[in-house]
Amino acid sequence: PQDSADNERELEILNRHAAFIRKQGGFSEVRAANVQDDAPTGVRAANVEMIRGWAEAAEAEGRRTIVVHTALTQSGVVGRMARDVEGVAEFNSKGLMQHPLFGQWIDNAIARTLASAQ
């Protein structure tokens, strides 16, 4: 998101996901952040610097960093994010739509919505 208020709302959602992953996933640390690809250059650069800093600190402690994004497709932003963390983190370059269960997830969400509307 470009707007700081929109970013805060999105970070609230991402932090809920991070808390679940932290609790269920057995990772030493889970953090949520937005690159804010469409924000002014300085905002995006500061976010990238923060994320790289986290990854570099983890590497200094002997841990590896895995960056997971929420983009649906392998769009231009995904390529930019991969370059942003190159050399300090592992990056999943596939979009969510490429997961084999994505279609089933959408079908289930539609079915639940339709069932609750009746």
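A salt bridge is a side-chain nitrogen of Lys or Arg within 4 Å of a carboxyl oxygen of Asp or Glu. By this rule the count comes to 9 salt bridges, and one of them joins the side chains of Arg-9 and Asp-6, at 2.2 Å from N to O. The structure is a predicted model, in which local features need pLDDT of at least 70 and side-chain atom pairs count only at pLDDT 80 or more, while totals for chains, interfaces and linings use all residues. Residues are numbered from 1 along each chain as its sequence is written, and side-chain values use heavy atoms, with hydrogens and water left out.

**Salt bridges**

- Side chains of opposite charge can pair when their charged atoms come close.
- Arg-9 and Asp-6 are both in helix H1, 3 residues apart, which is about one turn of the helix; helices (H or I, at least four residues) and strands (E, at least two) are DSSP runs, numbered from the N terminus.
- Arg-9 is partly exposed, at 46% relative accessible area, and Asp-6 is also partly exposed, at 34%; buried means under 20% relative accessible area, exposed over 50%, and partly exposed in between (1.4 Å probe, protein chains only).
- Arg-63 forms a salt bridge with Glu-29, with 3.1 Å between the closest N and O atoms.
- Arg-63 is in the loop between H2 and E1 and Glu-29 is in the loop between H1 and H2, so this pair ties together parts 34 residues apart in sequence.
- Arg-63 has a relative accessible area of 27% and is partly exposed, as is Glu-29 at 36%.
- A network of salt bridges links Glu-29, Arg-31, Glu-61 and Arg-63.
- Arg-44 forms a salt bridge with Asp-84, and their closest N and O atoms are 2.7 Å apart.
- Arg-44 belongs to helix H2 and Asp-84 to helix H3, so the pair ties together parts that are 40 residues apart in sequence.
- Both Arg-44 and Asp-84 are buried.

**Helix H3**

- The buried residues in H3 are Val-78, Met-81 and Asp-84.
- They cover an arc of only 115 degrees around the axis, which puts them on the same side of H3; the arc is that of the directions from the helix axis to the C-beta atoms.
- H2 and strand E2 (90-91) are among the parts that cover these buried residues, where contact means heavy atoms within 4.5 Å.

**The largest pocket**

- The largest pocket holds about 1,800 Å³ of space; a pocket is an open set of points on a 1 Å grid over the protein atoms alone, with protein on both sides within 12 Å along at least five of seven lines.
- Grid points are joined across faces, edges and corners, and the volume is the space filled by probe spheres set on the points.
- Its lining has 48 residues, and Arg-31, Ile-66, Val-67, Val-68 and His-69 lie nearest the centre of the pocket; lining residues have an atom within 4 Å of a point.
- Two or more lining residues come from each of helix H1 (4-25), helix H2 (41-60), strand E1 (66-67), helix H3 (76-84) and helix H4 (102-117).
- H2 gives the most to this lining, with 7 residues.
- The lining divides into 28 nonpolar, 11 polar and 9 charged residues; Ala, Val, Leu, Ile, Met, Phe, Trp, Tyr, Cys and Pro count as nonpolar, Asp, Glu, Lys and Arg as charged, and the others, Gly among them, as polar.

**Backbone at Gln-36**

- Most residues other than glycine have a negative phi.
- Gln-36 has a positive phi, near 60 degrees.
- Gln-36 is in the loop between H1 and H2 and is buried, with a relative accessible area of 7%.

Definitions and conventions
1 Å grid on protein atoms, 1.4 Å probe; cavity = no way out; pocket = protein on both sides within 12 Å on 5 of 7 lines; lining within 4 Å.
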